[in-house]
Amino acid sequence: MLPVTATREPVTVPASDADVRRRIRRMRVAAVGRVDPSSVYCVLLAIVMAGVLVGRPLGAVVWPAEAGGPSVPVLVGAALVLLAFLNVLRRTGPLVVTRADATWLLVAPVRRRALLTPALLLTVFTAVVVGGLVGLAVAGRVAGRPAGDTAFAAGLAGGAAAGLLLVLLAVRCQQCPGTGRVVDRLTGAVAAALVVGAAVERLAGGYAPPGAVLPPASIVLVVAATVLPLAAAALVGIWWQLDGWPTHRIVEAAATTGSYADAVYAIEPSFLAEQGARRYWRRRAGIRSSRLLRARRVPPLVAQDLLHVARRPGRLPWLIGTAMVPALVVDGPAWLMAATVLVGALAAASITGEATHADASNPATLRLLGLTARRVYGQRLVVPTGVAVLWGALALGVAQVAGDLSGPWWALGVAAGPAAAVAALYRARASASSIGTIFIDTPVGAFPSGVLLWLVNGVDVVAVLALPTVISLFTARAPEALDWSAVLTQAAVSVAGCLVPLFRRSTARTVGL
Amino acid sequence: MRNGEVSATRDRERGVSDGAAVEVTGLTVTYGSTTVLDGVGLRVPVGAVVALTGENGVGKSTLLRCVTGLQAPSGGVVTVFGAAPDQGAGFWRQVATTVESPTWYHGLTVREHLELVRVANGGDPADGRVDEVSGLLGITGLADSLPITLSSGQRQRFLLAATFVRPSRLLVLDEPEQRLDVGAKRALAGHLRDYLATGGTLLMASHDEQFWRDVGADEVVLSRPEG
């Protein structure tokens, strides 16, 4: 046997990029074989079919036949899409390599620039496409008809420039976590403010911004022509400095995107929630132990849920923002209003879902606590109920002011709160793999039913327990007024929903959920 | 002693009371075609301390999991304080274990976790027990840390602390000394001796002879089933 030896001197000349790529290509070919022409054909065919199927409707969305002039929903929608894109960039890196590359190549004497260039190019390409489409969508609604080439080019170039600026911001955030935290908070606050603003515009009876709220196309074009080269130069500067990019930032991004890939591969959405939570709490600083548990004024798991909610204040703007959404659709179809209320209340009540999901997936902590399922259930229900009650009262109260509703709608929101809390507990307990192991055969292969069931998990419970609310949303429209009997019925159903699990004998004895 | 009973004579000399805390008879566990435990018997009297030893893969952790009811054996009988281990709260109020790693709650500090465990088990979190155990295991300075930020060694100390701040009659510990430095091991051994002196029973798996001898444990060597 050869003796194990240490390298006497480190390698001074890094491996050539071409050699590394060639070797990786050979290894991949050896492992999975060469690219099959039929696979290329299938992918191209799928792209063409997607283009044929969604190209026309997408074109109508981006560039409608008639321009309605600038409006608050259009401007808010465009801003929200750009903020969502920034959020995606922040969550994926944006400068990232695969987990395998992070494990093997990042720690090898291979140039970072070669590893990170594909990610940078992909990010820039995506930003130009997304930004350009958003810019075109705004221009398509603002520019008068027939629209000239200038308006078209201004929309495209302005959007692309905005997309590139977002890329620069995301890269800066990846380099400086402090800046990243500030930007993340601002993004959330601005998004919530935009939704609230849109709701207020609705409450005020609509507001048509003046045509000059956006600069003329020629000015947009000039600004974009100035910004685009500057942004391109900044991106080239970033590319040039990629060799000095900090390793731990790339490893972190690789782990995150790797877990996203796991979630997609395993079709297990709860991975994403868990990964997001881990990311948040790993970066959360400045926490001091509270005296709430020591004081023993509230049951221990209620105290834990309260601490959890208090330590994620960034969710508050989102809660308020989503409570405004029913006001935006109150005059729309009743089914849309009902769906918005149910899903919104469920999402609000899911604010403490992390702990319930942890208890359900690994009851070891509950065994350590020695609490029966009944006590855990009773305590875990308190905080979500409180949040859902407040959300329901706000959502339906504001919707009443905005729309054609009369009667004690806010009270109906209060009464439906516990129903949403029960549904949120059901939803938090389940993962896609735990609730659906049956595979559905499709022309493109077998598909686990779990993810489909997971999507509606909890919604089915809230739909049943909040049936009086749903019925009221369909029937108690003007000139009919909501009756207190509907509120009392909803309250009774909600209480019954909360109590049913407590009546199971096993919950008084066993640990776990 | 190989796969057998702990000497009751020696235990009685140490003031061990009558009755078995753990009684395992003919325990068999198979994973597919591999037999890990084959007809193992073990008796741990109340107040005794037993260390399961043996090379990796002989089934120490599997035996502990069967004793805590976290794994169903392929054959044989396991009783804890005269009853089969179950998932009831009554069982878990008597038995504390580190056989499984809990998923700590996001957003709750180390100190708050220990207080949560103490309060949920009916203890007083302000009676100094949390401080005492934290000091013993050297995690006082981590009080305001979130568990997700701890190193593997710190997590081991934290898990042991959470196990010790709650009342129990039987401790089932899987390699409690792992990832601990020498000083922490010595402090842990002292704490376990105190636990035994107050009437507790301890069943553990260990690879550290010095450690389990410090605790005063009787050794039960597990070996790979023949064939």
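Mentor: On a 1 Å grid over the protein atoms alone, a cavity is a set of points where a 1.4 Å probe fits but cannot get out, and lining residues have an atom within 4 Å of a point. This is a predicted model, in which local features need pLDDT of at least 70 and side-chain atom pairs count only at pLDDT 80 or more, while totals for chains, interfaces and linings use all residues. Residues are numbered from 1 along each chain as its sequence is written, and chains are lettered from A in the order in which they are written.

Trainee: What volume does the largest cavity have?

Mentor: The largest cavity has a volume of about 100 Å³, where grid points are joined across faces, edges and corners and a volume is the space filled by probe spheres set on the points. A search of the whole structure finds two cavities of 30 Å³ or more.

Trainee: Which residues lie nearest the centre of the largest cavity?

Mentor: Of its 15 lining residues, A:Val341, A:Ala345, A:Gly392, A:Gly413 and A:Ala416 lie nearest the centre. Two or more lining residues come from each of helix H14 (334-349), helix H17 (373-402) and helix H18 (409-429) of chain A, and H17(A) gives the largest share, five residues.

Trainee: How many residues of each class line the largest cavity?

Mentor: The lining has 11 nonpolar, four polar and no charged residues; Ala, Val, Leu, Ile, Met, Phe, Trp, Tyr, Cys and Pro count as nonpolar, Asp, Glu, Lys and Arg as charged, and the others, Gly among them, as polar.

Trainee: What lines the second largest cavity?

Mentor: The second largest cavity, with a volume of about 60 Å³, is lined by residues including A:Arg367, B:Trp92, B:Glu100 and B:Arg166. Its lining has seven nonpolar, one polar and three charged residues.

Trainee: Turning to the sheet in chain B, why are strand E2 (34-45) and strand E4 (75-80) called edge strands?

Mentor: Two strands pair if DSSP finds at least two bridges between them, and strands (E, at least two residues) and helices (H or I, at least four) are DSSP runs, numbered from the N terminus. Three strands form an open antiparallel sheet in the order E2-E1-E4 of chain B, and E2 and E4 of chain B each pair on one side only.

Trainee: What makes strand E1 (residues 20-31) of chain B and E4(B) a pair?

Mentor: E1(B) and E4(B) are joined in the antiparallel sense over five bridges, and the definition asks for at least two, so they count as a pair. B:Glu23 stands opposite B:Thr79 in E4(B).

How values were computed: Side-chain values use heavy atoms; hydrogens and water are left out. On a 1 Å grid over the protein atoms alone, a cavity is a set of points where a 1.4 Å probe fits but cannot get out, and a pocket is an open set with protein on both sides within 12 Å along at least five of seven lines; lining residues have an atom within 4 Å of a point.
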